[in-house]
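Hi everyone, thanks for coming.

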Amino acid sequence: MPQWVEGPLVGRAEELARLTGHVARARAGRPSAVLLAGDAGVGKSRLLGELATVARTAGLRVLTGHCLDLGDVGLPYLPFVDLLRPLREEPPPAARRPAVAPLLGGPAASAADEDARLQLFEGVAALLGELATEQPLLLVLEDLHWADRSSRDLLRYLLTRLVEEPVLLVASYRSDDLHRRHPLRPVLAELVRLPGVERVDLAPLPDVEVAALVRAAAAGDGGVDEQVVADVVARAEGNAFYAEELLAAGAGGAQLPAGLTEVLLTRVEELGADAQQLLRVTAVAGRRVRHDLLAAVAGLPGRELDAALTETVQRHLLVVDPDGSFRFRHALLREAVLADLLPGERTRVHAAVAARLRVDGTGTAAELAHHARESNDLPAAFTAARQAAEEARAVGAPAEALQHLEAALTLWPAVPDLHAGVPDGEVGLLLSAAAAARAAGELHRGVALLRAARDAVSETADPRLAARVLSTLAQALTRVDDLAGAVVASSRAMELVPAEPVTPERVWAAATRARTAWATGGADAEAQAVAREALAGAEQLGLEDAWSDVVISLARMTESGDPVARTAALTDALERARRAGDVDVELRAAYNLSSIAYEDGDLGAAAGWIDPAVARSVALGVEWSFYAAELRFLQVLVRLARGDWAGAQATAEELARVPDTAAHVRVAGLHVAVARGAEGVREQVDRAAATADRLGHATLLLTAGSAAIELAVWGQDASAAVAVAERTVRRLREIWPLDFLVAVRLVAVALGPVADAAVVAREARDADTAARWVAAGQRLVAQARDAQALFAEHLGEISREGRAWGLRLDAELGRLLGAADPAAWAAAGAAFGDEQVYELARCRWREAEALLAAGDRTSAATVLRAAHDAAVALGAAPLQARLAALARRGRLDAGIPGARPVDPAAVFTPREAEVLGLVAQGRTNREIGAQLFISEKTASVHLSRVLAKLGVSGRTEAVAVAAARGLLP
């Protein structure tokens, strides 16, 4: 189970900056104070710990005092005794302040002696003032809400007395503990009016920062599953302590951790009996409850009800919303109260609430369904659940609709009298639930529901319904990359309904069969014949959504045809699907329009289709349905290619929680972090790869594999690049037997470090190593050639994007074989075009390298400078470093900062330079000695000095490092 690990401060940059500003004031000799407020567990102590570190680094002395909850036992000045404890063993000035002796372990002063009290206050102020003259001070008082009266008075005195000394005083307190009569409230009201005193409120952390906090906390334990992260984020509601407790408990259980429950219930137990009763009723009634509902079911007379409400609000357990309803300040508090209720009491309150909702007709169907079910009124719960699902669907909330439909399915066996009123019975409910699951992005859940519907329907009694189930299942299976299962389901659907007379079930069966036939066999005769049948049937019956679906399939089958006509057909399909109200087909049309534009290299046109489609999916509440997620994924790719890396990251990270089947959207954004050389990316890539293997998610496999290959490229790890590329291409071919042309891109990128390794080996005259890397590279190239051949044979003409990657593959193969060709790299860059900013820069990098090898230094410098300008604009630090290394190695004056050529004479002696040059030619120490007329031992000594100066341990590494630094003679 993941354990909490203290990590970097997360999500408090603004607050820390404000506090750091006060540290700067203290360093400048100006006093100030901060009152740090926030709910229990929100992160006050963690922020103060970070502040203390900042202050010490800035040269301040830090003294900290803690208040304790001692109930009625009064220990005066306890936080100041704690704060001054480090001074007990110090020499003067402490010894010169006898009045402070009671706080330093001396005899206690009488609280009734006002003169002694004043002397104590003055002594503390003077002592702190003297300490501050030696070194600026940060004084921290934690948990001021528990401070005794004497400590509160001393604090007020110090803030009015220390007006010139370089002292920063920071006092924290729990804002949720300050009920109306709390003794600290008037003190705070007075203090905030003093000059130099600022109040800083710590709000709950945003979800994305809680998620980052949880991932960082669990990093030392091997990471944490994203579902656990999502559960912690949802339940913690921005509270760091709650997140810690939930993570330690695994977060997924229905029961709250015992320690957290005790903390939460302690505050409830401080209330009066009526207020506790009110909280119990409110917890059952819901997170947010109207006053009239509470009045009807709480069982308290009006005056007692008002008093109980006042007490719970003043104690910050309930909050009054603008509409007058009441809600728990934190959802976990409600969970704790609910867990403490006896079953019978809970059932009675649920029944009372359900009865009230039925009487006055207020509330939602979802509320009624919940309370009816919890009070064991199953028929009412079933009816309300179906109504709630329809209401959720109507407002674009498919996840909630799925929840209600699954609740209705659970109740189905218990309500036989209601079966007749459900269209298509249990199968109809399963189809509706599956549709909601697909709209919410829960594709595998949708497949499970459709399989249940397939098993429940009778092919003999109702073949048309069975065909509808199977067609829907086939479509769902294609979206989870189960093409074999989709073929079986779509074929059986065709068998169940005859071609004549034409029915909607036959049209959709044919449309789905056409789609699956094309996915597995390309644009063969069967696929086209079935598609034509479906198109004719859709036109005959006026099924515009089915017509649109078939037109999309036909457009993909005939990609080698007229591109203008194809775009017009797809646009018509999109508009007809929208008129028919079929969002899934509409988004499929938008996806195909945008992907075709992307593959043709027209990134502007692709964005023109993608952006409005993504916005529409969000507006309709289906942003994580299959095609909506694919559009968002394509949006990331387009922005990556165009150099809008900030936009790509924003798209990838827009929502903190995404379904597993849309995880590739977030992983695509990791390419920015990789290309910028960010830390901590590998762990995220590894987690994505594990999820992809678990789900068999092809696009996630592709995206995680691509990111891992890029990591290997910039880490110069040729072995990892080969291993990841081979594994990823093999898995993709298993899932997509024909359409795995993306293998060309994966191999072209992976070939980079492999060719580098071969080049270094050849430079070192290590023929065996060079041959080994050439063989590994050629194995990769063979996989890419297979992908090109299969695509061309079965799926048509390769797009411009595919041709560009093919040209890059050819250019990398030339490097691998020792025949780098600047013209090949120029052709690859031209194929990508100016819009593909990053890929064009990478092609120019290799083009400059090849030009330099060919002796065209002027052209090499020009191309290198253009690549560097692009890398700087993108913030692509690893590429910048490689370009600078090339400039140094080639001693090119390309105007690149930090790439000024190094004179080997400034590093090596003439004899060392000669030895290094011969090592680069692959000569042994004996051969070097013979050529330079020195002994083999002397040659070895010179080589050892070269290795030491380069900071390397071997001959091959020495040649590579010297070449990168431009130090080879």
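Let's begin with Arg 846, which is found in helix α39. When I say helix, I mean a DSSP run of H or I with at least four residues, while a strand is a run of E with at least two, and both are numbered from the N terminus. Before going on, please note that this is a predicted model: local features need pLDDT of at least 70, side-chain atom pairs count only at pLDDT 80 or more, and totals for chains, interfaces and linings use all residues. Residues are numbered from 1 along each chain as its sequence is written, and side-chain values use heavy atoms, with hydrogens and water left out.

Back to our arginine. Is Arg 846 buried or exposed? Its relative accessible area is 5%, so Arg 846 is buried. The cut-offs are these: buried means under 20% relative accessible area, exposed means over 50%, and partly exposed is in between, using a 1.4 Å probe and protein chains only.

Which residues does Arg 846 touch, leaving aside its neighbours within four places in sequence? They are Gly 752, Asp 756, Glu 812, Arg 815 and Trp 825. Contact here means heavy atoms within 4.5 Å.

Arg 846 also lies over the face of Trp 845, at 3.8 Å from the ring centre. For a charge to sit over a ring, NZ of Lys or CZ of Arg must be within 6 Å of the ring centre and within 35 degrees of the ring normal. Elsewhere, Arg 632 lies over the face of Trp 624, at 4.7 Å from the ring centre.

That brings us to the aromatic rings. A pair of aromatic rings is described by the distance of the centres and the angle of the planes. Rings of Phe, Tyr and Trp (its six-membered ring) pair if their centres lie within 6.5 Å; planes under 30 degrees apart count as stacked, over 60 as edge-to-face and the rest as tilted. How many aromatic pairs does the structure hold? There are eight aromatic pairs.

One of them joins Trp 714 and Trp 845, and this pair is stacked, with 5.9 Å centre to centre and 20° between the planes. Trp 714 lies in helix α33 (residues 698–714) and Trp 845 in helix α39 (residues 837–853), so the pair ties together parts that are 131 residues apart in sequence. Trp 714 counts as buried because its relative accessibility is 14%, and Trp 845 counts as buried at 7%.

Trp 805 and Phe 832 form an edge-to-face pair: 5.0 Å centre to centre, 80° between the planes. Because Trp 805 lies in helix α37 (residues 800–816) and Phe 832 in helix α38 (residues 822–832), this pair ties together parts that are 27 residues apart in sequence. Both Trp 805 and Phe 832 are buried. There is a cluster too, in which ring pairs link Tyr 77, Phe 121 and Tyr 157.

Now let's see how some helices pack. Helix α11 (residues 273–285) and helix α13 (residues 302–314) have axes that come within 8 Å and cross at roughly 80°. Axes are lines fitted to C-alpha atoms, for helices over the stretch in contact, and angles run from 0 to 180 degrees between N-to-C directions. As for the words, angles under 35 degrees count as roughly parallel, over 145 as roughly antiparallel, 65 to 115 as roughly perpendicular and the rest as oblique.

For comparison, helix α5 (residues 149–161) and helix α6 (residues 184–191) pack at an angle of about 0°, with their axes 11 Å apart. That makes α5 roughly parallel to α6. On the α5 side, the contact is made by Arg 152, Leu 155, Arg 156 and Leu 159, and on the α6 side by Leu 184, Val 187, Glu 190 and Leu 191.

A few words on the backbone. The peptide bond from Glu 500 to Pro 501 is cis, with omega near -5°, and Pro 501 sits in the loop between α22 (483–496) and α23 (504–521). Asn 376 is not a glycine, yet it has a positive phi of about 70°.

Finally, let's step back. The protein chain has 45 helices and eight strands, and buried residues make up 53% of its 969 residues.
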